[in-house]
Each structure stands twice: as structure tokens, then as C-alpha cells.
Amino acid sequence: MTTNIDSWSFVHMRIKNALFSGALWLGIGTFIAKFLGAVYRIPLTNKLGGLGLGLYQMVFPIYALLLDFSGAGLPSALSRIIAMQEDKDAVAKRLLSSSIKLFLSLGVLASIFMAVFSSSLARLQGNEGAKTAYLFLSPAIMFVSVISCFRGYFQAYLDMRPTAISQIIEQGVKLVFGLIFINAFMPNISLSVGGATLAITISELVALIYLYLKYKGFSARKPSQTALEKGTFIKDAKTIIKTTIPITLVGIMLPLSHVIDSFVIINILKGYTSSATALYGLLSGVVMTVINLPVSVCYGISTVAVPSVSSCKTQSEINSRSKKIIVLTTIVALPCAIFLSAFAPFTINLLFNNLPNVQKGIAIKLLTICSPCVLLLSLVQSSNAVLIGSGKLYMPVKTLGIGIIIKTVLNLILLSNKKLNIYGSAMAIIACYFSVCLINLILISKKGRQNENETTKSGQFICQK
């Protein structure tokens, strides 16, 4: 008996260490990647200006939406599927192979869609200058589809290093090639923005090559598997799609809301200001970039949470691990939110000093208003991960849907007020994340209390017997 207890304690400690180690690796990697992205924004903003940055930001809501349709939600889904298996090594390679076949096909279709409809998308958003950016960015979608498969494979083993390093590679390559292309294509703003998105496509290709080479070395140490049985791909595809759909819907919700924002904000503001695109660029390209920097640290916690919670064998273990994830997220995110609120002028002046004084002042006010989003968005992604890992796959879709409806309605109301202007959209963003965060935490807390009560009643019944 003692041996069994000692063995279980050893396994528990290994899982606990893997949880925090994985979160730390991915948190650091994502932070470095986001930091490089923020550093890149400085010359990007200085060279392209508010108009060019607005064009650059216009393509990303559609890009993010297509990524979700072509497998951006796959890492969490695949890591959950593999983590739930009794013998990971027996099925991991097979599931990876099946997922690549499936999602590469979807990625190719999405890339073709973006390329073919690049002009129409730019025109619908209110500025045809974004056409070149759409065109040059389109091949990146199929590369990311395969990248997602490899990341999901590694995350199932709670090995977050390949994901972290590949993110740093993406940002580093984007920074180097982005500056080269922007300088080469200036003073043509539209072509320069297109060059910046071409750098993203190149960065995804380089990251894919790295992950493939890493996989070859990692998989060589795992037991070899027999060839796929007839019909296995269809069976695997059904399992992957069944799990991926709700997680993909969760991933789609926020990019979808950003797509709506890109249409609503610019078109409403155009009714009373000629700086609509520039204002949208300041909110989405400057302020939200700063907000996402500390949020990226908590991204590591939420990513590890899915396979970690999925691998739990008992409900009490799920409750315990869920609490640790929420508490850890709060400990990391809250000081960052307070810092950005207190030092918004310092942050904007440090990162975007070459912005015109008027735009700089607007960015400072927006950052001060949006600073609570650091904590709220971090808790949203971690609580979503806990719900997904514990099997409530569709619950985050519902809560995010409620938040997006609230944000869209408030955008329509507040942006129409000329005095509030772009600040009305910042208020709508806070309302969105606050409502989603509150509902998620209530659901997690309620479920935990129910299970504790059931366990207590069960124990009392046993004692009475």
C-alpha cells in the first residue's frame, strides 16, 4: 500500500511540475514574442503613420477569423484528445498525421479565399488600400494550419518549449523582413503595408520548418507505430472535428467580434471625423498591442490548463487544479493591469514616442481606460480553458456570445456620441470582457461547490452505513 501511495505522489508531483513548467515556458516564450511584436510596432507606427497602421490592422480580423476556421483552435483540441488517451504514444503520431491531412486542406481553401476576395474585403471595410496586404498575407493561413497540428502534438505531452520557441521565431523573422520590405516599398503606403504582411507569411513558413525538424527528433524517441488501418483516418477525423468545433467556435468568437468592430467603428466614426481609420488603428494597433503584452504571459497558463485539466482522473482533482489556474492567473495579471493604469503616459511615450502629440494623447487615454482588460482578458482565457478541459466544451461559446452582443450594442450606442468618440469603443470592450469573466467564474465556482456537496453527502452516507 505504501508503495502505491508513494508512486501516486510521485506521479502527482510530476504532473504538477509539468503544469507550472509548461506554463512558465509558454508564458516566457509568448511574452518575448509579444515584446518583439510591441518593439516592431514602434518603427512600424513611425514609418507607416496612423493611416498605414490602420490599413495594417484592417486585415487581421478577417485573417484571424480564417485562421480559426482552418485550425487555429486545433492545438487545444488535439492536446485534449491525446491527453485523454491511456497510452499517448500509441495514438499520438497517428492523430497528428490525420490532423495535418484534414486541416492543411482547410488552410489551403482559406488562403485561396483571402487571395481571391482581397479586393472585395478591403472595399467592404472602407479602404481599398488594404487589398495588397490581404493578398500577401493569404499564404500564411495554410502554414499556420500545419503549425497548429504540431503545437497540439507537443502540448499533449505538456512540452510547451516548441510552441514557445516557434512563437519567438515568428516574431523575430517578421520584425527583420517587415522592416526590410517597408523600407524597400516606401513611400507607397499601400505597398509598404503589403510588404509588412508578406513578412508574416515568411515568418510562418520558417516557424513551420522549425517545428517539423523538432518533431522529427522528438518522435524518433517514441515507440514506432504501425501503418494506419483502413478507415482509421475517417474515425480520427470525426473525433478531431467533434472536439475541435466547440474549441474553434471559442477561438472564432473574439476575432469575429473584431471583424464586426472593424466595420462598425470605422464606418460610424467616418460620419463625423476624417480620422476614423487612424483612430481605429490607435485602439486596435497601439493600445490593444500593449494590453496583449502582459496578457500573453497568462496565455501560457491557459494553454497548459486544457491538457492538464483533461488528464485529471477525479472531479476533486479537477476542482483543485482549476482553482490553482485561476489564482495563478490573477496573481500574474492584476499587478500588470495596475501598472498600465498608473503609468499609461510612460508606457505610450516609451513605446510610441514618435506618434504626433494629438494621437499620443488619445492613445494614453485609451490605455488608461482599457488597462482593466489585462486582468479581465487573462481570466477569460484561463476560465475558458478550465471549462474546456473539464468537458464543458460549448459553455465558453455561449458566454463569449453574450459578451460580444453586449460590446456590439454598446459600440453602436456609444460611438454615435461625438463627445465619447473612440473612447466609447474602449468602454464597450471592458463591458464585454467583464461580463464574460464574471459568468465563467460563477459557472466554475458553482460546479465546484456542487461536486463538494455531492462528495460530502456520499461520505456521510458511507459513514452511516
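Helix geometry and packing in a predicted model

User: At which residue does H9 bend, by about 35°?
Analyst: This is a predicted model. In it, H9 bends by about 35°, and a proline, Pro-246, follows within four residues of the bend. The residue at the bend is Thr-244.

User: How many Å does helix H9 reach from its first C-alpha to its last?
Analyst: Helix H9 covers residues 232-269, which is 38 residues. At 1.5 Å a residue, 56 Å is expected, and the span in the model is close to that. From first C-alpha to last, H9 reaches 53 Å.

User: Are H9 and H10 parallel, perpendicular or oblique to each other?
Analyst: The axes of H9 and H10 lie 8 Å apart, and the two helices pack at an angle of about 140°. Angles over 145 degrees would count as roughly antiparallel, and 65 to 115 as roughly perpendicular. H9 and H10 are therefore oblique.

User: How do the residues of the contact of H9 with H10 divide into nonpolar, polar and charged?
Analyst: The crossing of H9 and H10 is right-handed. H9 brings His-258, Asp-261, Ser-262, Ile-265, Ile-266 and Leu-269 to the contact, while H10 brings Ala-276, Thr-277, Leu-279, Tyr-280 and Leu-283. By class, these residues are seven nonpolar, three polar and one charged.

User: Is H2 roughly parallel or roughly perpendicular to H10?
Analyst: Helix H2 (residues 74-83) and helix H10 (residues 276-310) have axes that come within 8 Å and cross at roughly 25°. Angles under 35 degrees count as roughly parallel. H2 is therefore, relative to H10, roughly parallel.

User: Which residues in H10 meet H2?
Analyst: The crossing of H2 and H10 is right-handed. On the H2 side, the residues are Ser-76, Ser-79, Arg-80 and Ala-83. By class, the contact of H2 with H10 has three nonpolar, three polar and one charged residues. The residues in H10 are Val-306, Pro-307 and Ser-310.

User: Are H11 and H12 roughly parallel or roughly perpendicular to each other?
Analyst: The axes of helix H11 (residues 315-342) and helix H12 (residues 344-351) come within 4 Å and cross at roughly 80°. Angles of 65 to 115 degrees count as roughly perpendicular. H11 and H12 are therefore roughly perpendicular.

User: How many charged residues are in the contact of H11 with H12?
Analyst: Phe-339, Leu-340, Ser-341 and Ala-342 of H11 make the contact with Ala-344, Phe-346 and Thr-347 of H12. Five of these residues are nonpolar and two are polar. The number of charged residues is none.

User: Which residue is joined to Met-186 by a cis peptide bond?
Analyst: Omega of this bond is about 10°. The residue lies in the loop between helix H7 (161-185) and helix H8 (189-219). The residue is Pro-187.

User: What is the phi of Asn-421?
Analyst: Asn-421 is in the loop between helix H15 (395-414) and helix H16 (423-464). Its phi is positive, in a residue other than glycine, and is near 55°.

Definitions and conventions. Residues numbered from 1 in each chain as written. Predicted model: local features only at pLDDT ≥ 70, side-chain atom pairs only at ≥ 80, totals over all residues. Heavy atoms only, no water. Expected span 1.5 Å × (residues − 1). Bend = angle between axes of the 7 residues up to and from the residue. Axes fitted to C-alpha atoms, helices over the stretch in contact; angles between N-to-C directions. Left-handed = near helix turned anticlockwise from the far one by under 90°. Contact = heavy atoms within 4.5 Å. Nonpolar A, V, L, I, M, F, W, Y, C, P; charged D, E, K, R; others polar.
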